[in-house]
Amino acid sequence: MSRDADTADEELMLRYRDGDAGAFDVLYRRHKGGLYRYLLRQCRDPAAAEELYQDVWMNLIRARGSYEVTAKFTTYVYRLAHNRLIDHYRKNAHGAALSYDDETGPQIDEPAAPLQSQPEANYDIRQLAARLMSLLAELPEAQREAFVLHQEAGMGIEEIAAATGVTRETAKSRLRYAMAKLRRGMSEWR
């Protein structure tokens, strides 16, 4: 296992393609949290996010035999997730924006404050986190997606563009607008 800790995701996926089930376990452990949070923040429904999450991993399992390294693994898996989200939006057109260019969209409830053993000592941090989550929920779908891919998956502009099927400039613009809106919202709140 320790040798897998330093192994690149792409190498692990190639090993999984070639029959090494343990390589899949390592990939799953590395990416399960970020991938789930990405789906949850995009569809805003825990039950739907869980279903989409399982679908993405099943799609990866089904496609393993044809996997070739053409991009980073994170780009590959988040592209699968993006495509599954688009299918979900089309299927459930009620309440979810079908267009990533739409500035309006469904709102989510206030995010739950994290549980802390000493809430009074962490009041400001919880307030800031709640404000950030509220601002994130208010972003247009495409901007939120770019921001979440950047923050959760650690993707750069090129990878975001590849994962979402847009040009580099579009991905850059979406991330820039998301960051500007979040910064403005946070500074207005203080």
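Predicted model: local features only at pLDDT ≥ 70, side-chain atom pairs only at ≥ 80, totals over all residues.
How many residues does helix α4 have, and what distance does α4 reach from its first C-alpha to its last?

Figure 1. Helix α4 spans residues 46-63, which is 18 residues. From first C-alpha to last, α4 reaches 25 Å, close to the 26 Å expected at 1.5 Å a residue.

**Figure 2. The buried side of α4.** Ala 48, Ala 49, Leu 52, Tyr 53, Val 56, Trp 57, Leu 60 and Ala 63 are the buried residues of this helix. They lie on the same side of α4 because their arc around the axis is only 165 degrees. The cover over these buried residues includes α2 (9-17), α3 (21-43) and α5 (73-91). On the face turned away from the buried side, α4 carries the exposed residues Ala 47 and Arg 62.

**Figure 3. The start of α4.** Here a side-chain oxygen of Asp 45 comes to within 3.2 Å of the backbone nitrogen of Ala 47.

**Figure 4. Arg 44 in the loop between α3 and α4.** The phi of Arg 44 is near 65 degrees, a positive value in a residue other than glycine. Most residues other than glycine have a negative phi. Arg 44 has a relative accessible area of 17%, so it counts as buried, the cut-off being under 20%.

**Figure 5. The whole protein as context for the close-ups.** The secondary structure consists of nine helices and zero strands. Of the 190 residues in the protein, 40% are buried. Among contacts between residues at least 6 apart in sequence, 64% join residues at least 24 apart. The accessible surface is about 10500 Å², and carbon and sulfur atoms account for 51% of that surface.

Methods. Residues numbered from 1 in each chain as written. Heavy atoms only, no water. Helix = DSSP H or I, 4+ residues; strand = E, 2+ residues; numbered from the N terminus. Expected span 1.5 Å × (residues − 1). Buried < 20%, exposed > 50% of the residue type's maximum accessible area, 1.4 Å probe, protein only. Arc of directions from axis to C-beta. Contact = heavy atoms within 4.5 Å. Polar contact = N/O pair within 3.5 Å; in protein donor to acceptor, adjacent residues only side chain to side chain. Areas by Shrake-Rupley, 256 points an atom, 1.4 Å probe, with all protein chains shown as cover.
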